[in-house]
Amino acid sequence: MGYGRDLQPTAAIRGNLQFTHSGLVTATYFINPQGYGLRKASDKFDVKLAHQALINNLPDGSLLLGIHARLDTLTVLRKMVEGVDLDECEDYATEVMDSFERISALGPRTRIFLLSIPVGGINAGISSLARMWRSTSTVDATAVTRAELDKFDQEANTILSRVGGDFDPIPVPAALFQWLWEHYLSRGAEGEPVAPTQVGALDDATAAVFRSAALDEGAQADSGRRVRPSFTPVIKVVQPDQVAQPSYQAMLTPRSFPYGGMAFPGGSEFLSVLDGLVDVTVDWGMRVSTKSAEQVLKNNELGLRRLGEQMDQRDTEVSFAQNTLMSKAQMLAEYNQHFEVNGGESEVAFTTVIAIGAKSQEACLDAVNTLKRRYKRYQVEMTAPVGAQVDLWSMLVPGSPPRRAFEDFAHIIPSDMWAGFVPFTSAEIGDDSGPVIGVNLLSGHFEPIHFGIMEAALHDLSASFAVTGELGSGKSYFLKLMAVLVHDMGGQFLAIDRSQVGEWEHFASSIDQAVVIDLSNPTVSLDPLRLFDPRVAGERALDSILPLLDLSPTSSTGAAVATMLSLKGRSEHRIYSMLDLYQAAQRLRDDAMHGQEYADLAARLGSIVERVPVLFDPDLQPLALTAAATVIRSHNLALPSAEELTTPHLYNRLPLTKRLGTALYELVGVTAREAFLADNGRFGLLVGDEAHHFTQTQVGAAVTSDFSRDGRKHLAAIGLASHDPATDFQGAAHNLIPNRFVFRQRDEVLARNSLEWLGVDLDEAPYLLQILREETSPPVGAGRQVPPERRGEMFMRDALSRIGRGKVLGPARADRAMAITSTPTSAEGRTALNGNGANGANGNVAGRLAALEQLSQQVRS
């Protein structure tokens, strides 16, 4: 039986510097993992190169750690409120408070990556005999001088400088060493502590902060055997001073890797298998040392000489030994050639330990068998060596002295092949802060996905986003989710509602003082001459009137209306509204001094002046976008299809009703641009559920371009939805929309277009096409309905171009969740669609968690 204090090497801690009883000094850092997930192979090769630079510059005895930790719910909530004045945003404060129960029920976890490197030693004069006595070998941190600390810090900085800044190492606080020890003692059991991931003051600590514990290898206390000991490869960790239940742990280590090598990417990232296990905690650690290419070549020459001697000795022997020796000689030759060709290479000796912790011995051993089966796919044979469990357990403790088991289970590999393991990677998506819009399904940890739509603009980043998916896949639901979050955080939005049932009007009814405008029965005017600043009003009116009247800007009539709408023309003819334009055209028509173009203009305007009161009624007040929520209902407008907009001969034959609909649609977008792209200190979001009406016309494309290019400068963004991104999201402006979401697409062509627009290379990952079509919110059963727990599944690309897979949760507030339901239904149906109201979300937590865990495992496999 091992004892925890005997396995804890720390004598004292000064900041991120650890002083061990043996005199070793280490420096420990948080490591920022590289984005991986579903990125292209070219990006993954860049990640591999970063890892190769890391391993080639680490000192011998360095320890790499990936710690499976519980995510603190309060930390998530703090990220949600970052940059938001809750005193001014009471609705969002309610949303955050209601999120507490939901996030706690989901129990999100994360993986903390650490790097511990040796940077020197102290007490070199203490004899080995003295070190056997803990009392005489304890390091007195107060005796360490400032000069010595500076020397250790300088050595650590020198090592990190050689490694480079790809992983952004940050010194850990002293409290992390204590947390790490307590995490190891309670791994997988209830009451695991929350990691101090926030870097605080670099404080001090001593060995007294580390708890004592008993490590019972084989769980002998549970076996009840008095004569024959248990040989079960498990450790029972008991903390006598704590009331917490014991933790059952098992240490796995690779026995062998594939003989033919491991293909990168896709076949060598063996540590990614560890994520997604249920009801257990799985940590990993890797102890590494390196040899230069010159030293490797010398060792290879010595090995080749010994092989030659053995072959000479067995020259006359009749056996298979000669074939075996020849095979070894050939392998050695290939290995030697690898280092001759790659002079910057190094040889890496590494020992990997995978630590599984659970509440019971049965759950622990089940997880061990599950991992062994998973690793069979990689042709990696894993073993849980009996008698070496405690030694391997201690390897994950920073500063642990070398033990025999470390060498027994070490493997040797060139550094470029080791880099293919890419241990410091993450499938994280989303922003560092902002409202929680869903959970991450790809990582297996169910981390909340933050989308800081308003924070992005404050940090000079584009907050615009685009959504694609088939009918009923969740596009409109997501757009309304983002709109209500913007509203609750103090911003404003304008949405165009094309639905016959008035889903956005139904949604706006839950928002205080929301304005709903029906263009077929208007209560406000969209007259551009009255809406906009006189300096630009003429141009805005001309952009709308020319396509509406089917006029070319170079025709005589087009030139005439352009002259009339100039600043000089409007002043000369007293044109202050669209009705004034019509009356001025009539006056000029009756004047014999002017040509037929004014008669043509008056006739064309006369054909629409009575039909379009929203443009020509002087009694209507101009639209003022001052309300926090504005919904424009355009369901009675006739709008052209995407094909009619993109095909010249079809566009030329558009009827007047569709031209009118397009002009009004564009005017709404232009109005939002003028209001939201002004520096009024308030965030503005323009929402378009039918993207092609914006993107396929000249004016609409200009609106989209202005929002995507300049929205970050003026606290504004645009959110667009489309069925086919290949036709609706084209051009440089759309390439500047960084945040992209893809919901279910069962049509193969549309699914392929959506994934390529997202940035996925389907030649490298063709299986993603099937996942999008068949495993993303799949309709099942007799009624072909999507189960409530499967709704909202999507692929996502964030502002850092990381691609992953998640599930949209919707608002935590029950009233908001009911309001954003696409089709007005019963309250029970709305709660089922969202699946996450303040009360409805947690009413079936167990079922939702089981479904999420099963889905996450399917995605990762």
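The second largest cavity holds about 60 Å³ of space, in a predicted model where local features need pLDDT of at least 70, side-chain atom pairs count only at pLDDT 80 or more, and totals for chains, interfaces and linings use all residues. Residues are numbered from 1 along each chain as its sequence is written, and side-chain values use heavy atoms, with hydrogens and water left out. On a 1 Å grid over the protein atoms alone, a cavity is a set of points where a 1.4 Å probe fits but cannot get out, whereas a pocket is an open set with protein on both sides within 12 Å along at least five of seven lines; lining residues have an atom within 4 Å of a point. Volume here is the space filled by probe spheres set on the points, which are joined across faces, edges and corners. Helix H8 (residues 175–185) gives the largest share of this cavity's lining, four residues. Among the lining residues are Phe177, Trp181, Phe210 and Pro398. By class, the lining has seven nonpolar, three polar and no charged residues (Asp, Glu, Lys and Arg count as charged; Ala, Val, Leu, Ile, Met, Phe, Trp, Tyr, Cys and Pro as nonpolar; the others, Gly among them, as polar).

Of its 27 lining residues, Tyr335, Ile412, Ile413, Pro414 and Met417 lie nearest the centre. This lining splits into 15 nonpolar, seven polar and five charged residues.

Strand S25 (residues 629–633) has five of its five residues buried, so it is largely enclosed by the rest of the structure. (Buried means under 20% relative accessible area, with a 1.4 Å probe and protein chains only; strands are DSSP runs of E, at least two residues, and helices runs of H or I, at least four, numbered from the N terminus.) Ala629, Val631 and Arg633 cover one side, and Thr630 and Ile632 the other. S25 pairs in the parallel sense with strand S21 (residues 492–497) over five bridges and with strand S22 (residues 515–518) over four, where pairing takes at least two DSSP bridges. Arg633 partners Asp497, and Ile632 partners Ile517.

Then there are the rings: 26 aromatic pairs turn up in the whole structure (Phe, Tyr or Trp ring centres within 6.5 Å, using the six-membered ring of Trp; planes under 30 degrees apart are stacked, over 60 edge-to-face, the rest tilted). Phe257 and Phe350 have ring centres 5.9 Å apart and planes at 55°, so the pair is tilted.

Terms used: Buried means under 20% relative accessible area, exposed over 50%, partly exposed in between (1.4 Å probe, protein chains only).
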